[in-house]
Amino acid sequence: MSDGSLTIKRPITVRAVVTPTWKEEAEREISNSIAGIDQQLGQLEQEGQQVVEEVRRQSANPLDPRVQDQVAQIQQQVAAKRAELEEQKRTFLQQQSQVRELEMDQIVEQGQLESTCELKVGDNLVEKMQVAIVVRDGVVEAIEGA
């Protein structure tokens, strides 16, 4: 650091230009995520039912209050996980709706990358940190603020 410079990490915003290809890809990813959640929901219900049946089968008296409490706990855990998965699904359905409403050539934030840059005495830190890349169908179209 004797030369008065420092290498720092900085976030880079990735912005995508909405194109038919981008929309198609985004909708496919979201649809796959929704299908995955539906599969997890089905599996959760099936596994929950199997665990409840196993608890009842292994007990001498399935109507024993302790067995009933254990079954209720299992059902509560399944319900909590189901609610969590359904919330994720609602979020994806919302995203899917938003993607469908996007106009062609609109620019949307797609994520972030990280890079390093040299920082020297006298540099404007805010400017150094505000970098974005604009891509169209995966091809870099512009680098802003570099």
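Buried here means under 20% relative accessible area. The model shown in these views is predicted.

**View 1. Helix α2 and its buried residues.**
Helix α2 covers residues 65–101. At 1.5 Å a residue, its 37 residues should span 54 Å, and the end C-alpha atoms lie 53 Å apart, which agrees. Val67, Val71, Ile74, Val78, Leu85, Gln96 and Val99 are the buried residues of α2. These buried residues pack against α1. An α-helix has 3.6 residues a turn, so residues three or four places apart point the same way.

**View 2. The largest nonpolar core.**
This core has 14 residues, and those touching the most other members are Ala16, Val18, Trp22, Val99, Leu102, Val108 and Val135. At least two residues come from each of β1 (5–17), α1 (20–58) and β3 (131–136). The greatest contribution is that of α1, with 4 residues. A second, separate core holds 10 residues, including Leu44, Val71, Ile74 and Val78. In soluble globular proteins, nonpolar side chains tend to be buried together.

**View 3. Surroundings of tryptophan 22.**
With neighbours within four places in sequence left aside, tryptophan 22 is in contact with Ala16, Val17, Val99, Leu102, Val108, Gln110 and Asp137.

**View 4. The largest pocket.**
The volume of this pocket is about 260 Å³. Helix α1 supplies the largest share of the lining, 6 residues.

**View 5. The hairpin of β3 and β4.**
Strand β4 (residues 139–144) pairs with β3 in the antiparallel sense over 5 bridges. Valine 135 stands opposite valine 140 in β4. The two strands form a hairpin with 2 residues between them. Aspartate 137, in the turn, has a positive phi of about 50° although it is not a glycine.

**View 6. Aspartate 105 in the loop between α2 and β2.**
Aspartate 105 lies in the loop that runs between α2 and β2 (107–120). Its phi is near 70°, a positive value in a residue other than glycine. Aspartate 105 has a relative accessible area of 51%; exposed means over 50%, so aspartate 105 counts as exposed.

Definitions and conventions: Residues numbered from 1 in each chain as written. Predicted model: local features only at pLDDT ≥ 70, side-chain atom pairs only at ≥ 80, totals over all residues. Heavy atoms only, no water. Core = buried A, V, L, I, M, F, W, Y, C linked by side-chain atoms within 4.5 Å. Buried < 20%, exposed > 50% of the residue type's maximum accessible area, 1.4 Å probe, protein only. Contact = heavy atoms within 4.5 Å. Expected span 1.5 Å × (residues − 1). Pairing = 2+ DSSP bridges. 1 Å grid on protein atoms, 1.4 Å probe; cavity = no way out; pocket = protein on both sides within 12 Å on 5 of 7 lines; lining within 4 Å. Points joined across faces, edges and corners; volume = space filled by probe spheres on them.
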